[in-house]
Amino acid sequence: MPVLPFLTFVFVSSFTPGPNNFMAISFANRYGFRNTISFCIGVGAGFFLIALLCSFFNRALIEVLPVIETPLKFAGVIYMLYLAYKTFTSSGSKQESSAKAEKNLFIIGTLMQFINPKAILYGIAVVSTFLLPYYQSYFSYILFCLFLGIVGICSSITWSLFGSVLHNFLDRYQKVFNIVMGLLLVYSAFAILIG
C-alpha cells in the first residue's frame with residue numbers, strides 16, 4: 001500500500017471542515033470540551049463501523065465479481081478529485097448543527113456517520129483504493145478500521161479543542177488553506193493511479 005498517499009488522504013479527509021468537525025465546534029461551545037468528548041468518541045465509533053462495513057461489503061463484491069475492483073479503485077480516485085474541487089471552491093462558511101442537547105452525544109456522533117455523505121463516501125474511497133488492493137485478511141481490515149476510528153476521534157477532538165483558533169485562522173487564510181488541502185487530495189488521487 002502506498003503509505004504516504006493513504007495517510008495524506010486520511011488526514012485531509014478527516015481534518016478538513018465537514019459535518020463532524022462543525023458539530024464538534026458547536027457542541028464544545030454549547031456544552032464545554034469535557035461534555036463533547038463523548039460526541040468525539042461516537043464519531044470515531046461511527047467511522048470504525050462505516051469503514052468495517054465498507055471493507056466486508058467491498059471484499060464480498062470483489063470475491064463474487066472480481067472485475068469490480070478496478071471500477072471501485074477509479075470511483076475512489078474520482079471521489080478524491082471531487083473532494084479536491086470542493087475544497088478549492090469552499091467558502092469556509094460555518095453551518096450550524098440542528099442536533100438537540102438533551103440527546104446522548106455519543107449516540108449522535110455514531111449514528112450521524114450513517115447519514116453523513118462525507119463519512120460514507122470517505123469509507124468507500126479509503127477501503128476501495130487503499131485496503132482491498134493490498135490486503136486480504138479480515139484482521140487487517142479490522143486494524144485499519146480501528147486506525148480510521150482513532151483518526152476520527154482525533155480530528156473531532158482537535159476541532160472541538162481548538163475550534164475558535166482554527167475558525168479565526170481559516171477566516172484569515174481560507175484561500176491558502178483550501179489550496180493546500182486541495183493539492184494534497186489531488187496528490188493522493190494521482191499517486192493511486194500511478195502506484
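Student: Which residues of H1 and H7 meet?
Tutor: Keep in mind that this is a predicted model. On the H7 side, look for Phe-144, Phe-147, Leu-148, Val-151, Cys-154, Ser-155, Thr-158 and Trp-159. Their partners in H1 are Phe-6, Leu-7, Val-10, Ser-14 and Phe-15.

Student: How many nonpolar, polar and charged residues does the contact of H1 with H7 have?
Tutor: Sort the contact residues by class, starting with the charged ones: there are none. Three are polar, and the nonpolar ones number 10.

Student: Are H1 and H7 roughly parallel or oblique?
Tutor: Start with the axes: those of H1 (residues 3–15) and H7 come within 9 Å and cross at roughly 40°. Angles under 35 degrees would count as roughly parallel. The crossing of H1 and H7 is right-handed. With that angle, H1 is therefore oblique to H7.

Student: What about H2 and H7, which residues make the contact?
Tutor: The axes of H2 (residues 19–31) and H7 (residues 138–161) come within 8 Å, crossing at roughly 45°, so these two helices are oblique to each other as well. From H7, the contact uses Ser-155, Ser-156, Trp-159 and Ser-160. From H2 come Asn-20, Asn-21, Phe-22, Ala-24, Ile-25 and Ala-28.

Student: And how does H2 lie relative to H5, roughly parallel or roughly antiparallel?
Tutor: The axes of H2 and H5 (residues 105–112) come within 11 Å and cross at roughly 170°. An angle over 145 degrees counts as roughly antiparallel. So H2 is, relative to H5, roughly antiparallel.

Student: Which residues of H2 and H5 meet?
Tutor: H5 brings Leu-105, Ile-108 and Met-112. By class, this contact has seven nonpolar residues, one polar and no charged. The H2 residues are Pro-19, Asn-20, Met-23, Phe-27 and Tyr-31.

Student: Which aromatic residues form a cluster?
Tutor: The structure holds 10 aromatic pairs. Ring pairs are what link the cluster together. Its members are Phe-6, Phe-9, Phe-47, Tyr-122, Phe-130, Tyr-135, Phe-144 and Phe-147.

Student: Which element has the highest mean pLDDT?
Tutor: For the whole chain the average is 79, with 81% of the residues scoring at least 70. Among the elements, H8 (residues 163–194) has the lowest mean, 71. The highest mean, 93, belongs to H7.

Key. Residues numbered from 1 in each chain as written. Predicted model: local features only at pLDDT ≥ 70, side-chain atom pairs only at ≥ 80, totals over all residues. Heavy atoms only, no water. Phe/Tyr/Trp six-rings, centres within 6.5 Å; stacked < 30°, edge-to-face > 60°. Axes fitted to C-alpha atoms, helices over the stretch in contact; angles between N-to-C directions. Helix = DSSP H or I, 4+ residues; strand = E, 2+ residues; numbered from the N terminus. Parallel < 35°, antiparallel > 145°, perpendicular 65-115°, else oblique. Contact = heavy atoms within 4.5 Å. Left-handed = near helix turned anticlockwise from the far one by under 90°. Nonpolar A, V, L, I, M, F, W, Y, C, P; charged D, E, K, R; others polar. pLDDT = per-residue confidence, 0-100.
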